[in-house]
Amino acid sequence: MSGATDPQPIPSDGRGRTATVGSTTASSESTGAMRAGDVNKLVLNPAMSKVQNIAVYGTKTRFYLIGSNNTETVFRVLKIDRTEPRELVIIDDKIKYTMRQIRNLLTMIDSGNKQQPGRAYSKSGGLQKTASGFGLLGFVRFLEGYYLILITKKTCAALIGGHAIHKVEDTQLIYIPHEGRGRHDPNEAKYAQVFQNVDLSSSFYFSYSYDITHPLQHNMRTRGFWERVQRSKSPAIPWRPCSKFVWNEYLLESAHCTMSDEWVLVATQGFISQANISVYGRPIYISLIARRSKEYAGCRFLKRGTNDVGHVANEVETEQIVHDAAHLSHNTGRFTSFVQVRGSVPLFWSQDPSGMTPKPPIGIDRNDPYFSSAAMHFNSLFERYGTPVFVLNLVKKRERRPRESILSDNMQLALNYLNQFIPPELHIQYVHFDMARYSRSKDSNVLDKLDQIAEKAFAETGFFHAGPELLCNQHYRGECYKRIGGVGYRPGQPFRLQTGVVRVNCVDCLDRTNTAQFVVGKRALGFQLFALGVVDDPILELDTDCMRMFEGLYEGHGDIIALQYGGSQLVHRIRTYRKLSQWTIHSREIMNTISRYYSNTFNDHDKQCAINVFLGKYQPARNRTPIWDMPTDYYLHHLEAAGFTPLRESYTAWLSQHLYTSIPLPYQEQVELASDDSDVCSSPDPTSPLSTSPPSTSPPSTSLPPAYDSASRHSSLSHSTSRHSTAIFGGKTGMRSGTYLKHTFLDHYQPWELSGFEDYEFCHSMLTTLQFVLADKANPSPFVVRKKVKKHMTPQAGVGPRRIVAGSPAVHTNQSGSSTDDDADTSDEEHAVDGASTGHGDDAEKVPTLPGERREFDLAFPNSGDFQHYMRHADQFTSASGPKEPMSSPLSMLNDSLWCTSPVRPFTSTSYEANQPIVSMSSYDTYAAAVDVAHHGARYPSHEEYEVYKVFCKAA
């Protein structure tokens with residue numbers, strides 16, 4: 001296409017930064033280096049420009065928020081009026097300042113607000129620094145004035161390519177009106193306390209340059225697509241976060257009209273963790289990202305089933321990203337992902353915990369013969385994930401007293417009703433597995449049975465790979481690889497896509513669901529590693545270092561989701577269903593059951609009140625009953641109870657007609673350009689697969705939509721967002737690319753100045769398979785089956801002295817049911833190496849310190865000879881660089897050299913003089929070829945090389 005040769009701006013260079021190929025004076029040769037196939041390569045969405053550092057200065061009349069990028073090269077100013085007692089007045093001048101201009105501005109404000117001599121009255125006493133932080137979560141108002149919510153501490157939770165995902169560690173609530181206009185309502189402080197019961201430091205995440213509300217497949221498009229976006233004359237990149245997972249959407253609502261997007265920071269609740277599969281030194285990162293929906297959020301017994309518009313309780317989207325961390329660029333084909341979801345049974349049902357029983361009876365609150373709420377729920381799944389939707393129901397089927405079986409019977413009735421109104425190829429696939437009953441049998445193996453179901457489910461959906469199929473994989477003869485679903489590799493399409501999703505549920509969507517998702521994720525992990533060329537067989541064994549680490553990730557993932565929804569960690573863990581160390585696990589299950597029962601009985605009401613206030617479901621008012629005095633919050637989450645009737649187009653044609661234009665791919669991955677360019681936004685060809693047609697006359701096509709097909713036009717998009725999302729995240733500005741921020745590499749690494757070591761320490765302390773290697777190190781491969789594992793070498797996610805998994809709350813290590821106890825296995829096979837782990841016994845070996853472990857050294861002052869030798873070299877250094885003052889000690893010299901702002905001049909008059917080495921042309925060509933591979937990926941083999949490889953495969 002023409003974009004491959006014309007000097008057009010390309011939104012991303014693969015590192016999440018804005019890169020422009022060519023300029024007004026550039027020629028067509030500037031893009032001649034781009035390969036012909038690059039236009040169809042997937043490229044990550046351009047980095048969103050965000051203010052990364054904020055300093056809050058205040059006077060008696062105003063707050064001044066000084067925001068800057070990470071390198072402090074460009075600044076923005078946000079002014080907030082403090083004289084309005086109950087209104088939020090924000091002034092964003094949208095001017096870019098330099099460091100000198102900001103200093104002059106603050107000096108002028110300070111001098112203008114100080115007490116002037118000769119004046120009888122002054123309204124303020126100068127400019128004072130109030131706080132500093134790393135992001136603005138939003139604003140909230142209860143009964144009096146507004147509060148500002150500022151992120152004051154953060155840690156790195158994951159690194160995806162050049163993009164860092166941060167975890168909120170601490171926040172500060174700042175009251176905006178001046179103290180003279182005090183808070184007079186007695187309930188103001190109580191509402192503030194209720195609001196702060198939502199612990200923002202436990203499991204909230206954000207990113208400056210990566211959209212964590214969407215899967216990786218949604219965030220990546222072809223290079224040709226981004227070229228068409230640029231040619232569309234659109235003022236902004238048409239991108240919106242998914243409203244369902246934006247937990248601070250209500251907090252941003254009051255300021256969206258006056259505050260530019262650079263200040264908007266999207267935060268989501270859930271779990272994010274990362275681990276490293278070290279394959280002979282090659283880092284393969286596994287990132288587990290869980291996004292919890294805010295639409296019907298709440299606690300265990302207080303939020304069950306679904307509401308009137310199809311949002312279910314405890315809905316969590318789990319994505320596992322596997323990528324080669326040796327490649328920073330996203331367009332090298334080294335990134336894969338797989339998505340699955342969990343959620344409550346989409347019916348109107350509940351449990352009454354007031355009877356003080358551990359397992360209250362299950363009751364159907366409302367009979368819906370048309371299953372309209374379930375229809376809206378599955379319609380949203382089709383829109384976000386495509387087809388097919390594979391439902392795995394783990395609820396009990398046969399009981400003496402009907403309890404869970406009530407849900408199973410009604411859910412099967414709902415799916416049978418819904419499937420009769422859609423084409424057979426789009427039917428919701430349903431599999432029921434009574435996991436609790438099956439696990440009671442002594443000879444049964446629950447994980448083997450789940451693996452059979454996972455094989456079937458994965459064969460329907462497939463996975464996402466942002467790169468071409470490896471040549472060795474094309475000759476793989478395994479039937480399981482040939483039966484993978486999704487949109488596979490094709491000529492001219494160097495990637496594969498996931499279509500549809502696996503939906504898992506039990507009653508609570510906690511214990512059984514987490515184990516089932518682990519097995520499904522295990523099946524996907526094997527194919528993700530196989531697609532990257534890491535393993536030669538996509539079937540992974542359980543008793544390997546890789547799977548032990550992967551199990552630890554899912555244990556931590558399940559613990560955090562269980563704490564958020566159920567009030568305790570997992571009761572039945574993965575090891576429970578593997579039937580390992582039954583006595584140890586049984587005692588822990590009892591403690592976690594008691595902890596969950598106590599939390600559900602005494603704490604859930606206060607937690608639910610806090611969630612309702614935080615999300616804006618309940619907005620305080622003077623003439624309104626306080627939320628802590630309300631007997632129920634049912635009408636806050638159900639529109640019909642509040643007097644509003646949800647719009648239902650049809651009771652039979654429940655699947656939206658516009659979804660047929662993109663099936664089997666997600667409709668939400670179609671992007672509408674807000675432009676008048678008819679060449680880009682023209683209507684689709686009626687004869688193309690994208691044309692809307694009734695399902696009875698034209699079955700859904702498997703062709704790619706325009707976001708992935710470089711030769712297609714764009715179709716319209718209808719996002720299913722809430723009533724505030726379009727106003728906050730849409731509009732004319734949208735999510736703009738990094739127009740004023742430095743690109744990702746310089747913003748993250750800052751090679752010219754001293755910086756902190758948090759991000760680097762995160763990579764060093766990350767959970768890695770090296771921590772599971774046995775003392776003999778006979779085979780360091782993470783995919784070798786190891787039956788005997790030392791107890792202290794099997795750390796679980798989120799526990800232990802190392803910070804191996806981000807996102808674990810503080811109570812995670814203090815509870816008696818901590819996952820650390822999972823390692824206290826009393827089986828004979830794990831006691832075989834106790835001597836090596838404790839250092840006792842005749843055959844005990846000293847286990848060396850592994851990479852990623854912290855070491856402690858006893859530092860002693862050097863002897864006089866070594867000190868004099870060092871001083872002699874230090875004198876030669878200072879004589880060459882010209883010291884400003886005599887050096888009294890090596891430490892002072894070191895401090896001077898570290899904090900000097902001017903570079904040290906080279907050694908020209910000492911014995912340290914050295915000439916620049918001469919690089920041969922062959923060495924230069926080798927380096928240039930390596931850089932080319934890093935940017936564009938490995939080249940395709942020539943015909944002669946391919947023939948040689950075929951001969952080699954036949955001989956093997």
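This is a predicted model: local features need pLDDT of at least 70, side-chain atom pairs count only at pLDDT 80 or more; totals for chains, interfaces and linings use all residues.
Me: Why is arginine 440 called exposed?
Reply: Exposed means over 50% relative accessible area. Arginine 440 has 55% relative accessibility, so the residue counts as exposed. Its place is in the loop between helix H9 (435-439) and helix H10 (446-461). Together with Lys359, Arg398 and Arg437, Arg440 forms a positive surface patch.

Me: What makes phenylalanine 602 partly exposed?
Reply: The class of partly exposed lies between the buried limit, under 20%, and the exposed limit, over 50%. Phenylalanine 602 has 47% relative accessibility and therefore counts as partly exposed. The residue is found in helix H16 (residues 582-602). With Met356 and Tyr598, Phe602 makes a nonpolar surface patch of about 340 Å².

Me: What is the backbone phi of tyrosine 280, and where does the residue lie?
Reply: Most residues other than glycine have a negative phi. Tyrosine 280 is not a glycine, yet its phi is positive, about 55°. Its place is in the loop between strand S14 (267-279) and strand S15 (282-292).

Me: Why does tyrosine 280 count as exposed?
Reply: The cut-off for exposed is over 50%. Tyrosine 280 has a relative accessible area of 59%, so the label exposed applies.

Me: Cysteine 509 also has a positive phi; is the residue buried or exposed, and how do you know?
Reply: Buried means under 20% relative accessible area. Cysteine 509 has 0% relative accessibility, so the residue counts as buried. Its phi is near 60°, and the residue lies in the loop between strand S23 (501-505) and helix H13 (511-531).

Me: How do you know that the length of helix H14 agrees with its number of residues?
Reply: The expected span is 1.5 Å times one less than the number of residues. Helix H14 (residues 545-565) has 21 residues, so it should span 30 Å; its end C-alpha atoms are 31 Å apart, which agrees. H14 is followed by glycine 567, whose phi is positive, near 90°.

Me: Why is H14 called largely enclosed?
Reply: A residue under 20% relative accessible area is buried. In H14, 21 of the 21 residues are buried, so the helix is largely enclosed by the rest of the structure.

Me: What makes glutamate 555 and arginine 573 a salt bridge?
Reply: A salt bridge needs a side-chain nitrogen of Lys or Arg within 4 Å of a carboxyl oxygen of Asp or Glu. Glutamate 555 and arginine 573 have their closest N and O atoms 2.9 Å apart, and they form a salt bridge. The pair links distant parts of the chain, with glutamate 555 in helix H14 and arginine 573 in the loop between H14 and helix H15 (574-578), 18 residues apart. Glutamate 555, at 0% relative accessibility, counts as buried, and arginine 573, at 1%, counts as buried.

Me: What makes aspartate 633 and lysine 303 a salt bridge between distant parts of the chain?
Reply: The closest N and O atoms of aspartate 633 and lysine 303 are 3.0 Å apart, against a limit of 4 Å. Aspartate 633 is in the loop between helix H17 (604-614) and H18, and lysine 303 is in the loop between S15 and strand S16 (316-324), 330 residues apart. Both aspartate 633 and lysine 303 are buried.

Me: Why is the pair of arginine 483 and glutamate 455 said to tie parts together?
Reply: Arginine 483 forms a salt bridge with glutamate 455, the closest N and O atoms being 3.1 Å apart. Arginine 483 lies in the loop between helix H12 (479-482) and S23, and glutamate 455 in helix H10, so the pair ties together parts that are 28 residues apart in sequence. Arginine 483 has 43% relative accessibility and counts as partly exposed; glutamate 455, at 31%, also counts as partly exposed. Glu455 and Arg483 are linked with Asp451, Lys522 and Arg523 in a network of salt bridges.

Note on methods:
Residues are numbered from 1 along each chain as its sequence is written. Side-chain values use heavy atoms; hydrogens and water are left out. Patches are made of residues with over 30% relative accessible area and no salt bridge: like charges are joined within 9 Å, nonpolar side chains (Val, Leu, Ile, Met, Phe, Trp, Tyr) within 5 Å. Accessible areas come from the Shrake-Rupley method with a 1.4 Å probe; for residues, only the protein chains shown count as cover. Lys and Arg count as positive and Asp and Glu as negative; His and the chain ends are not counted. The place of a charge is taken as NZ of Lys, CZ of Arg, CG of Asp or CD of Glu. Helices (H or I, at least four residues) and strands (E, at least two) are DSSP runs, numbered from the N terminus. Buried means under 20% relative accessible area, exposed over 50%, partly exposed in between (1.4 Å probe, protein chains only).
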